[in-house]
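Please read it with the structure open beside you.

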Amino acid sequence: DDFQSIFENSAHGIFRVTLAGRLITVNPALAAIAGYDTPAEMIAEVADTSGFYADLSEREAVWAEIRGKGEIRNRFVEVKRRDGSHIWISLNGRLVRDEGGNVLYLEGSAEDVSDRKQAEDELARANQRNWLILNAAGEGIFGVSSSGWLTFVNPAAAGMLGYEPDSLTGLPAHETFHHSRADGSPFPVADCPVSLSVKEGKVM
């Protein structure tokens, strides 16, 4: 039938597992993600799915969420494959109950997101390095969004303006520190070279 075709041919791993951690059924994609040749092989060898978790405390957190909400959505979990290597999966699932409200099993899906997780981690590390460089710089450095709002201000720039760094983020740049000319007269935002550069790409 249509469900069986989807189950067998889905690119995402699909499974059913008891609350005790015993696999009921898995599709070929999940077997491949976990490093098994066939679903039957995986079901025969895996007595308890707790062995998949790289960190058993994460298993407890996953099941606490499932019991509390009745489902879990897009949770990144580090798991172990058959050969012992580690990968990251995005886990989705819901509790299936009988007519009396008793839990029958957890039905869900898993997607290998190792490449995405690695890219996100590398971006986070790069952002952290950049932030450390900005914080250590002696020059005043700040960022402005296309709408004119301050997105970051390093300590040197904040000190020059007489502010604490964290108090400036999210404020309108022009109105905060570029609103007046040297003689004290108003400086319209339409004439501001910083605003023109940000909004129109013009370098004055």
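The points below run from overall form to single residues.

1. **Ground rules.** This is a predicted model, where local features need pLDDT of at least 70, side-chain atom pairs count only at pLDDT 80 or more, and totals for chains, interfaces and linings use all residues. Residues are numbered from 1 along each chain as its sequence is written, and side-chain values use heavy atoms, with hydrogens and water left out.

2. **Fold and form.** The protein has nine helices and seven strands. These are DSSP runs numbered from the N terminus: helices are H or I with at least four residues, strands are E with at least two. The radius of gyration is 27 Å, well over the 17 Å that the globule rule gives for 204 residues, so the protein is more spread out than a compact globule. That radius is taken over C-alpha atoms, and the rule is 2.2 Å times the number of residues to the power 0.38. Along the principal axes, the C-alpha atoms fill a box of roughly 80 × 40 × 30 Å.

3. **Burial and surface.** Of the 204 residues, 32% are buried. Buried means under 20% relative accessible area, exposed means over 50%, and partly exposed lies in between (1.4 Å probe, protein chains only). The protein exposes about 12300 Å², and carbon and sulfur atoms supply 53% of that area. Accessible areas come from the Shrake-Rupley method with a 1.4 Å probe; for residues, only the protein chains shown count as cover.

4. **Contacts.** Take the contacts with a separation of 6 or more: residues 24 or more positions apart account for 30% of them. Contact means heavy atoms within 4.5 Å.

5. **Charge.** There are 19 positive and 30 negative side chains, and the centres of the two sets lie 2 Å apart. Lys and Arg count as positive, Asp and Glu as negative; His and the chain ends are not counted. Each charge is placed at NZ of Lys, CZ of Arg, CG of Asp or CD of Glu.

6. **Salt bridges.** The structure holds 12 salt bridges. The term means a side-chain nitrogen of Lys or Arg within 4 Å of a carboxyl oxygen of Asp or Glu. One of them joins E107 and R16, at 2.8 Å from N to O. E107 lies in strand β5 (residues 103-112) and R16 in strand β1 (residues 13-17), so the pair ties together parts that are 91 residues apart in sequence. E107 is buried at 19% relative accessibility, while R16 is partly exposed at 25%.

7. **Other pairs.** R81 bridges to D83, with the closest N and O atoms 3.8 Å apart. R81 is partly exposed at 25%; D83 is exposed at 57%. E111 and R116 also pair, at 3.8 Å from N to O. A network of salt bridges links E58, E65, K69 and R75.

8. **A backbone point to check.** Which residue has a positive phi although it is not a glycine? N74 does, at about 50°. N74 sits in strand β3 (residues 71-80). N74 is exposed, with a relative accessible area of 55%.

9. **A buried serine.** S90 belongs to strand β4 (residues 86-97). S90 is buried at 5% relative accessible area. Leaving aside residues up to four places away in sequence, S90 touches N74, R75, F76, S109, A110, E111 and V113.
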